[in-house]
Amino acid sequence: MLSLRADLHIHSVLSPCGGLEMSPEAISRRLKQFGIQWLAITDHNSMANCAAYQKVAEKEKLLFTWGVEIQSAEEIHLLAYFDDPIAAQKFDVELYNSLLPIDNDPDFFGDQVVIDENENILRVETRALINSSQWDLNTVVEKVGNYNGLVVPAHIDAYVNSILSQLGFLPDKPHFPILAISAGLDVNSWLKEHPELQDRALLRASDAHYLSDLGKGFSTITVEKPLAQELLLAAKGVGRRHIEI
């Protein structure tokens, strides 16, 4: 078993609300300062930068998972993780085509930059990635499942764009074994307000949009391999796998 310090919710220069300082080299350096070994890039509604960030992460001996933060039609933020980059890229095409046909306003939201591993700008994404997909919650889960991905509700304790803020409750179906929480959440106090969630595995991450956010939130995940499907097994406590926050 491997016991890995992981931050599985990080934004790159592609996210319009993220800083242009979030280059692959800068993120890798910063994560290594905090001893974080496993990362996922989870930009809003796109995985266009995952390939470039994976190359740099692996050069820096960091473990990498393809991810994305999907905004459903209900404006719920959902993290999706994939073990197969080819499947992830096919899913990404479907996700892109599901986005509302609205252009980004770079003066208000910021630029959406697609880069290569050497930080050369390949293109600037014009579709507004900060807006919703036309998929509802159930459709997101179904679509991600079609590509053997794993869905984790993001920052479930947030007052906006969380499954609790948007629905007012956590539905029985689809079932989510893992719930992601914000970096600074006081879990004990929060669970007193939500005793119905005591049985769920929690995943803490930074949700970093700027370099200064990195290191503020991470989990220690014990798995056989740094894979999304292993993360699911860790949430279920299979073998000696587990998640510590």
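Modeller: A helix here is a DSSP run of H or I with at least four residues, and helices are numbered from the N terminus. This is a predicted model. Take helix H8, residues 228–236. Just after H8, Gly237 takes a positive phi of about 70°.

Colleague: Which residues of H8 are buried?

Modeller: Ala228, Glu230, Leu231, Leu232, Ala234 and Ala235.

Colleague: How do I read the sides of a helix?

Modeller: An α-helix has 3.6 residues a turn, so residues three or four places apart point the same way. In H3, the buried residues are Ala87, Ala88, Phe91, Asp92, Leu95 and Ser98. Viewed down the axis of H3, they fall within an arc of 140°, so they line one face.

Colleague: What covers the buried residues of H3?

Modeller: The cover includes strand S3 (63–71), strand S4 (77–82) and helix H5 (137–146). Exposed Ile86, Lys90 and Asn97 sit on the face turned away from the buried side.

Colleague: Which residue caps the N-terminal end of H3?

Modeller: Asp84 does, with a side-chain oxygen 2.9 Å from the backbone nitrogen of Ile86.

Colleague: Where is Cys17 found?

Modeller: In the loop between strand S1 (2–10) and helix H1 (24–33). Cys17 counts as partly exposed because its relative accessibility is 29%, and that class runs between 20% and 50%. Beyond neighbours within four places in sequence, Cys17 contacts His44, Phe109, Ile130, His209 and Tyr210.

Technical notes
Residues numbered from 1 in each chain as written. Predicted model: local features only at pLDDT ≥ 70, side-chain atom pairs only at ≥ 80, totals over all residues. Heavy atoms only, no water. Buried < 20%, exposed > 50% of the residue type's maximum accessible area, 1.4 Å probe, protein only. Helix = DSSP H or I, 4+ residues; strand = E, 2+ residues; numbered from the N terminus. Arc of directions from axis to C-beta. Contact = heavy atoms within 4.5 Å. Polar contact = N/O pair within 3.5 Å; in protein donor to acceptor, adjacent residues only side chain to side chain.
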